[in-house]
Amino acid sequence: MAIVTASKKACSVNPLKMSQPIGGSFAFMGLRGAMPLLHGSQGCTSFGLTLFVRHFKEAVPMQTTAMSEVATVLGGYENVEQAILNIYNRTKPEIIGINSTGVTETKGDDVEGFIRLIRQKHPHLEKFPLVYVSTPDFKDAFQDGWEKTVARMVEVLVDPVEAGAARDLARVNVLPGCHLTPGDLDELRTIFEDFGLKPSFLPDLAGSLDGHIPDEFTPTTIGGIGVDEIASMGQAAWTIAIGAQMKRAAEAMQERTGVPFRLFERLCGLIPNDEFIAFLSEISGRPVPLKYRRQRGQLADAMLDTHFHIGGRKLAIGAEPDLLFDLSSMLYEMGAEVAAAVTTTTSPVLERVKAQEVLIGDLEDLEDLAKARDCDLLITHSHGRQAASRLKIPFYRAGFPMFDRLGAGHQLSVGYRGTRDLVFDLANLVIGDREANHQPTPDTWRTTDSGLQVVPPQLH
Amino acid sequence: MSSLSATIQDVFNEPGCGKNANKTEAERKKGCTKQLQPGGAAGGCAFDGAKIALQPFTDVAHLVHGPIACEGNSWDNRGSASSGSDLWRRSFTTDMNETDIVFGGEKRLYKAIREVIEKYDPPAIFVYQTCVPAMIGDDINAVCKAAATKFGKPVIPVNSPGFVGPKNLGNKLAGEALLEHVIGTEEPDYTTPYDINIIGEYNLSGEFWQVKPLLDELGIRILSCISGDGKYRELAYSHRAKAAMMVCSKAMINVARKMEERYGIPFFEGSFYGIQDSSDSLREIARMLIERGAPAELMERTEAVIAREEAKAWAAIERFKPRFKDKKVLLITGGVKSWSVVAALQEAGLEIVGTSVKKSTKEDKERIKELMGQDAHMIEDMTPREMYKMLKDAKADIMLSGGKSQFVALKAAMPWLDINQERCHGYMGYIGMVKLMEEIEKALYNPMWAQLRKPAPWDDAGVNWQAKAMAQMDAQAAEIAADPVRAEEVRRAKKICFCKTVDLGTIEDAIAAHGLATVDGVKEHTNASGGCGACKGRIEDILVAQPAPVLQAAE
């Protein structure tokens with residue numbers, strides 16, 4: 001069992017963590033026709049926006065209440081009202097998702113109250129979907145922002161269902177954590193559909209940020225789950241939550257609609273997928289399609305082929321709790337040692353990470369630990385690149401943001417296939433590093449502690 | 001008789017080879033390896049063998065004269081390491097096309113040599129003959145000679161087209177090319193009484209560097225390593241060495257013996273795999289050098305280094321003991337001398353439940369029996385299925401073997417470690433043995449195995465292929481046991497001599513019919529043991545087990 005500690009440093013150096021509000025905005029990006037709105041100063045939005053754009057290489061909708069100094073002191077009601085009206089009039093969104101920031105939380109704006117007033121004042125907005133989530137920057141992290149926002153979406157947007165109401169047995173609600181990529185969601189969608197199930201993903205980033213070329217220009221999100229579909233999620237037979245962070249939303253769903261849920265904390269690795277596929281087979285009443293039996297065999301074989309390279313590696317990983325837990329557990333199961341684990345925020349999964357300790361800290365901590373513990377594989381997001389180059393160890397980018405490589409949205413880790421590709425990528429990385437940096441030389445095994453004098457060849 | 005076939009005959013007539021000496025005159029002419037069986041051969045060809053043997057010469061341009069298949073399909077596939085030039089890893093081939101086949105490829109070859117010299121200016125070029133140009137009559141010897149004269153650079157023909165035989169023969173033909181064209185053509189700047197040649201060492205994964213520092217420390221100079229991390233000039237003056245070590249494999253025995261014959265360089269056959277072997281080899285090198293004039297104090301220093309390194313290695317191995325307690329190893333290897341590794345594994349606390357003696361000599365087998373007791377399961381030649389059964393029955397925890405049998409273990413979700421070529425870790429010398437232990441520990445304790453052994457949740461635990469294979473084998477065994485006639489058939493069908501494909505029944509019949517009492521007698525009548533000779537021991541056992549020959553009087 002890992003001991004979870006928090007860094008005692010006053011100064012965070014090379015942060016691993018991204019802020020909570022943009023985690024919230026990120027969740028809203030998985031809704032169709034949505035405009036995420038940060039209630040804060042302009043910079044709150046623009047920094048987040050830049051990160052998303054660099055990560056996805058896509059136009060990302062995100063707005064700000066543009067709090068000025070005066071507004072911040074006096075309260076942001078006007079700014080929120082203005083922002084909602086402007087967005088409503090200009091971009092014709094289907095939903096506006098509002099997250100608070102450090103600035104407005106410090107002031108203590110009662111945004112729920114603002115929204116009630118705005119609805120009263122502007123009757124045409126009375127039924128307009130507005131979801132507000134309190135996500136101060138100074139608390140928690142990206143993953144928490146996502147967690148709270150999705151839970152709130154369920155509470156606000158899903159229609160309550162009476163206990164005895166008929167359910168659509170083929171319908172499944174899927175609540176994915178923010179550690180899954182659009183590519184992961186598409187992979188999962190295919191798996192669900194292969195079992196004859198009809199999944200509703202909340203949020204569905206695969207519809208909006210999968211990098212497709214849209215048919216028309218829209219200032220809001222270009223895809224994702226619609227508000228109407230969210231409303232009807234109570235008719236599903238099951239809710240499947242992926243990642244411990246989604247437990248809160250799943251519980252909210254169960255409370256509101258009675259839909260039972262099953263939480264899958266991990267979907268990377270052999271056994272987690274065995275459990276997942278077996279569960280789908282059970283709820284769908286269908287045998288496991290040949291396709292997945294084959295994929296399972298492929299993964300087993302990939303594990304055999306790659307364990308020579310992954311086994312024994314000392315992993316240094318910096319990631320948000322669910323991603324950290326998922327990837328590090330998979331690598332532990334392949335024989336790697338989780339020598340340094342740094343994360344951003346608390347989570348019940350952390351103590352189950354297969355490491356001595358998990359530190360809630362920054363990339364400086366990760367770098368120091370990796371160095372002290374002789375780690376030879378680094379996994380974290382793109383900001384780890386400087387550490388990697390100083391440590392001179394192979395570096396695999398995972399998590400958000402990934403701004404210096406392409407295809408972040410399509411990187412897979414879920415399913416048999418996703419795990420298979422991931423272990424191949426990692427093993428290839430290790431092989432490449434060995435070829436580039438660890439070729440043996442005549443001096444590789446030369447020891448200096450011989451204690452005997454070296455006798456040079458004598459002329460004859 | 002063409003010069004190539006003469007060379008081949010010469011190579012076959014290798015007095016330095018124990019196996020060869022074992023043969024009759026007629027047998028020897030047939031060649032030193034089993035005849036290739038169409039549809040049943042999987043090994044490499046003579047070209048492959050020649051290339052493998054010579055390619056580790058690092059500063060040489062290796063130019064393959066032939067169509068793209070020979071080089072295009074095979075280049076950059078060896079893990080030898082170089083401390084200097086990387087020219088050896090560049091692939092040069094004439095990539096012969098249809099026109100060349102019709103009009104001859106000599107001109108193209110000549111031009112290719114010129115281009116290589118212009119672009120890379122190597123100290124020498126090795127030109128490899130392949131089947132197609134050999135068939136159409138391209139005379140690479142003449143082309144090489146002309147090019148060498150024209151460009152003033154050694155251009156060495158390596159005449160070992162694939163169809164002349166297997167890989168093993170190619171190794172030797174490569175050696176012949178060195179003897180004929182390279183060795184003795186230059187002189188070293190200076191010599192010392194501590195100069196040795198290492199023959200047949202390829203520096204795979206750079207593992208020879210696990211040993212070389214010890215030689216350096218002793219002041220022993222490797223005048224030339226043939227061919228790992230070798231350089232052309234060193235090879236050319238290698239005839240000035242005082243002694244030579246032929247590393248384990250017999251691939252280049254002709255080079256070692258002929259250098260002894262021509263230049264009076266004595267050699268011994270040794271190995272740096274295993275702690276005991278490493279020490280023995282160091283001692284033998286010192287002994288030979290002293291015999292050739294090096295000061296006797298070399299032995300004291302050698303013993304000191306051996307004592308220090310052994311102590312270090314045993315101490316390092318100590319820490320694996322608790323981890324290896326009650327763990328069982330199935331060791332299947334031909335290349336690495338089994339018993340030497342056996343001793344080290346046992347010292348680390350591993351129990352050896354079986355070991356292959358396929359390429360081991362009789363003494364090796366005795367040694368293994370001594371180390372492991374009479375019950376030691378010694379494996380000769382097994383089908384993958386049998387190997388799997390052995391893994392299961394013996395409850396081995398890990399299998400160590402060459403690359404080819406890995407899938408038996410891996411697909412059965414058993415830990416496995418490659419201890420032959422194509423591996424990425426060096427296991428040589430004292431350091432290498434400790435590294436081997438590390439790798440075994442890593443493989444044994446990988447949590448992956450438990451996961452892989454679990455059946456898919458939707459599968460019945462008993463119906464995986466492993467279980468099916470086992471059930472089939474058990475059923476077969478039961479069936480055979482129930483039918484005495486079949487059982488006898490099966491018993492008699494057991495192959496004894498793998499080279500000549502002779503089964504137990506044939507040998508028993510011959511013994512009974514002719515009242516044979518010696519292995520030679522059996523060989524005369526059945527051809528058994530006429531190949532590599534490894535089955536002599538088995539035949540002796542059979543002779544002992546036979547009832548006293550009835551027809552002895554008639555003999």
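Colleague: What makes helix α14 of chain B lie across strands, and which ones?

Modeller: Helix α14 (residues 275-291) of chain B lies across β5, β7 and β8 of chain B. We count residues as in contact when their C-beta atoms, placed from the backbone, lie within 7 Å. α14 runs at about 175° to β8(B), on a scale of 0 to 180 degrees between N-to-C directions, with axes fitted to C-alpha atoms (for helices, over the stretch in contact).

One caution: this is a predicted model, where local features need pLDDT of at least 70, side-chain atom pairs need 80 or more, and totals for chains, interfaces and linings use all residues. Residues are numbered from 1 along each chain as written, with chains lettered from A and ligands numbered from 1 in written order.

Colleague: How do you know that β5 and β7 of chain B are joined?

Modeller: Pairing takes at least two DSSP bridges, and β5 (residues 195-201) has 4 to β7 (residues 243-247), running parallel. So they pass as a pair. N197(B), for instance, stands opposite A244(B) in β7(B). By the way, helices are DSSP runs of H or I with at least four residues and strands are runs of E with at least two, numbered from the N terminus.

Colleague: What is the strand order in the sheet, and why are β6 and β8 of chain B said to stand at the edges?

Modeller: The order is β6-β5-β7-β8 in chain B, an open sheet with parallel pairing. β6 (221-227) and β8 (267-270) each have a single partner strand, so one side of each is left without a neighbour in the sheet. On average, neighbouring strands are turned by 20° against each other, direction ignored. Helix α13 (residues 253-263) packs on this sheet too, touching β5, β6, β7 and β8 of chain B, at about 165° to β7(B).

Colleague: How many residues of chain B are in contact with chain A?

Modeller: 34 of them, against 35 residues of chain A. α11(B) gives the most to that side of chain B, with 5 residues.

Colleague: How do you describe the packing of α8 and α17 in chain A?

Modeller: Two packed helices are described by the angle between their axes and the distance between the axes. For α8 (residues 182-194) and α17 (residues 415-437) of chain A, that's about 145° and 9 Å. D184(A), E187(A) and I191(A) in α8(A) meet G415(A), R417(A) and G418(A) in α17(A).

Methods: Contact = placed C-beta atoms within 7 Å.
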